[in-house]
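Here is a short briefing to read with the model open beside you.

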Amino acid sequence: MTKSYNIAVIGGDGTGPEVAREGVKVLGAAADKFGFKLNFEDFDYGGERYLKTGEVLPENASEELRKFDAIYLGAIGHPDVKPGILEKGILLRLRFELDQYINLRPVKLFPGVACPLKDKGPEHIDYVVVRENTGDLYSGAGGFTLKGTPNETAIQTSMYTRFQVDRCLKYAFEYTKKRNKKKTLALCGKTNVLTFVYDLWDRAFHEMGEKEYSDIRRDYYHVDATCMWMIKNPEWFDVIVTGNMFGDIITDLGAMTQGGMGIAAGGNINPEGVSMFEPIGGSAPKYTGKNVINPLAAICAGQMMLDTLGEEKAAKAIEASVMNVTANKIKDLGAGRMGYSTTEVGDLVAEGL
Ligand code: IPM
Ligand code: MN
């Protein structure tokens, strides 16, 4: 019987719907070629809907989305909506409610892509960041006292439970094993200052590694040093595991080393539930409707989605086709500088399958 997957598509704001459309195009072509079916259903969550209705996300949104096999997201962020409302109300809320406790972010330099690092090429930049995606400073714990007065205080707390840390580490070790490249997992922390939270991470990391993954080499780097080595010796890395806040920051740095926001993709993964895939870049409102934005990041997010759904062959084919486009077709990853339109790049990748 033909395998069939139900995919919820949230195009979102700005150029989100345009890049998601190209992703859907490529995914559809891959499904035809590799003999499975994808049923897409659109959801109008985003800034426009919020400005019209005053509602960020319907009460039952995650309940609805839980019925799907995966969620495919364009971008969230609207220039007429105050920062934080949509990000917290849609993106973070879905990550938390669907318990997508892993944020998987590959840092891979594709052939033909200009790298800002001197003397580094695709053979040097190919690793994956496993960012914990539910805890840390993102937990929302904190508050103000005497807000608006000269004696105001603000506090925001980084929190981790052993359970959160262990399940993330488990995923990271398993991922490193399955990836089967350098068999090296690096913990990125700050044990010299954050002597509670990263002490917990450090102990849990070595306990699990020693007991269950003796064949995987364990490295440790402080977060500041991680940033340094990501620039100086990115070839050292295979898989990096880290908390939510450091993961947010180092993956933007990583994205720049792989050619920027036009190519960087990520997956918000619940290994036991519904996962959500997105290009890391924002909604780039100034390019909306111009057909100039680069859809490759969204296409790569689609590729990660197929990989997670178990359609590994189709995922590999999409990656190969994207690599062919970066190596032989487009001139530059930047919006308006590709030498092709958004829809043409989608066509090139789909045809290249
Ligand atoms: C990301 C983004 C989000 C985050 C924002 C938009 C809430 O920066 O996906 O990395 O901080 O996680
Ligand atoms: Mn970020």
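Predicted model: local features only at pLDDT ≥ 70, side-chain atom pairs only at ≥ 80, totals over all residues.

Residues are numbered from 1 along each chain as its sequence is written, chains are lettered from A and ligands numbered from 1 in the order in which they are written, and side-chain values use heavy atoms, with hydrogens and water left out.

**The sheet**
- An open sheet of 10 strands runs in the order β2-β1-β3-β12-β11-β4-β5-β10-β8-β9, and its pairing is mixed. Strands (E, at least two residues) and helices (H or I, at least four) are DSSP runs, numbered from the N terminus, and two strands pair if DSSP finds at least two bridges between them.
- β2 (36-43) and β9 (217-222) are the edge strands, each with a single partner, so one side of each has no neighbour in the sheet.
- From one strand to the next, the twist averages 25°; axes are lines fitted to C-alpha atoms, for helices over the stretch in contact, and angles run from 0 to 180 degrees between N-to-C directions.

**Around β5**
- β4 (residues 102-108) and β5 (residues 126-132) are antiparallel partners over 7 bridges. Within this pairing, P106 has V128 as its bridge partner, and K108 has D126.
- β5 also pairs with β10, this time in the parallel sense and over 4 bridges; here V128 stands opposite V239.
- Of the 7 residues of β5, 6 are buried, so the strand is largely enclosed by the rest of the structure. Buried means under 20% relative accessible area, exposed over 50% and partly exposed in between, using a 1.4 Å probe and protein chains only.

**Helices across the sheet**
- Helix α4 (residues 85-97) lies across β1, β3, β4, β5, β11 and β12, at about 145° to β12. Contact here means heavy atoms within 4.5 Å.
- Helix α7 (residues 223-232) lies across β5, β8, β9 and β10, at about 105° to β9.

**Cysteines**
- The model has 0 disulfides, a disulfide being a pair of cysteine sulfur atoms within 2.5 Å.
- For C188, the nearest cysteine sulfur is that of C227, 7.1 Å away. C188 is buried, at 1% relative accessibility.
- The sulfur of C300 is 16 Å from the closest cysteine sulfur, in C115, which is too far for a bond. C300 is buried as well, with a relative accessible area of 6%.
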